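Reader: I would like to learn how to read a fold from its contacts. Please take me through one structure, feature by feature.

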Amino acid sequence: MASGAQLSQLWSKFYDEAVGVADCGASPSAGSSTSPDLQHKKKVVATLDGLVKILFGLDTGNKAAVVSHGDGALELIVALTRSADVLPQRQNQGTRDDNNIESQVLMSSFKAIKACLVRNPVGRSRVRAAGVFDLINEALTNNNSAVLIEEILTSLAAACLGDDLNALQVCVSSVPTFVNEPP
């Protein structure tokens, strides 16, 4: 396992590169070709998967330091997800491959969110400010993938576990999302 200084240096470098990926997707592309968009989405998936690998298994102190670095890891995850433009209300009717990569981005995003939150009270305290609940609500909208919905709900559970304010916010603001009206 890496020492605290090595972990800090690794995370700092990773964080800077990940912010670059998020910023790259946020800027409009010169052409309307789908290839750069697909490449960006693949970079987002790779970045989010790398984040999970770095965070998995860290003790609470190291995880808290990593999650609090810069503008925050949760904020970075939300920015990366939004930069890939994969949320349901924004989705275009794309090809099967486009839908597959969009699903991968969302799965990776919620796995990364869980990696930030499990065994980390500092991470759970940042959920509301980072916009994670908004991301969850948007991802649940018009989403029919059972596997993805399960991933989203387990991320939601991780956010609320041991944090009464998060649980209260979910109860107050997300109930309409979870209640299905009859057709």
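Author: Glu102 forms a salt bridge with Lys41, and their closest N and O atoms are 3.2 Å apart. The term means a side-chain nitrogen of Lys or Arg within 4 Å of a carboxyl oxygen of Asp or Glu. The pair links distant parts of the chain: Glu102 sits in helix α5, Lys41 in helix α2, 61 residues apart. Helices (H or I, at least four residues) and strands (E, at least two) are DSSP runs, numbered from the N terminus.

Reader: What should I keep in mind about the model and its numbering?

Author: This is a predicted model: local features need pLDDT of at least 70, side-chain atom pairs count only at pLDDT 80 or more, and totals for chains, interfaces and linings use all residues. Residues are numbered from 1 along each chain as its sequence is written, and side-chain values use heavy atoms, with hydrogens and water left out.

Reader: Are Glu102 and Lys41 buried or exposed?

Author: Buried means under 20% relative accessible area, exposed over 50%, and partly exposed in between (1.4 Å probe, protein chains only). Glu102 has a relative accessible area of 6%, so Glu102 is buried. Lys41 has 10%, so Lys41 is buried too.

Reader: How many salt bridges does the structure hold?

Author: The general idea comes first. Side chains of opposite charge can pair when their charged atoms come close. This structure holds five salt bridges. One of them joins Glu75 and Arg126, with the closest N and O atoms 3.2 Å apart. Glu75 lies in helix α4 and Arg126 in the loop between α6 (121-125) and α7, so the pair ties together parts that are 51 residues apart in sequence.

Reader: Which residue forms a salt bridge with Glu138?

Author: Arg82, with the closest N and O atoms 2.8 Å apart. This pair also links distant parts of the chain: Glu138 is in helix α8, Arg82 in helix α4, 56 residues apart. Check the cover on each partner. Glu138 counts as buried at 17% relative accessibility. Arg82, at 26%, counts as partly exposed.

Reader: Now the overall fold. How many helices and strands are there in the protein chain?

Author: There are 11 helices and zero strands. Of the 183 residues, 42% count as buried. For sequence range, look at contacts, meaning heavy atoms within 4.5 Å. Among contacts with a separation of 6 or more, 81% are between residues 24 or more positions apart.

Reader: Which residues touch the most other members of the largest nonpolar core?

Author: A nonpolar core is a set of buried Ala, Val, Leu, Ile, Met, Phe, Trp, Tyr and Cys residues joined through side-chain atoms within 4.5 Å. The largest one here has 50 residues, and Leu51 and Leu74 touch the most other members. Elements giving two or more residues to this core include α1 (4-26), α2 (34-55), α3 (60-68) and α4 (73-83). Helix α5 gives the most, with 10 residues.

Reader: What does Leu51 touch?

Author: Leave out residues up to four places away in sequence. Leu51 then touches Trp11, Phe14, Leu76, Ile77, Ala112 and Cys116.
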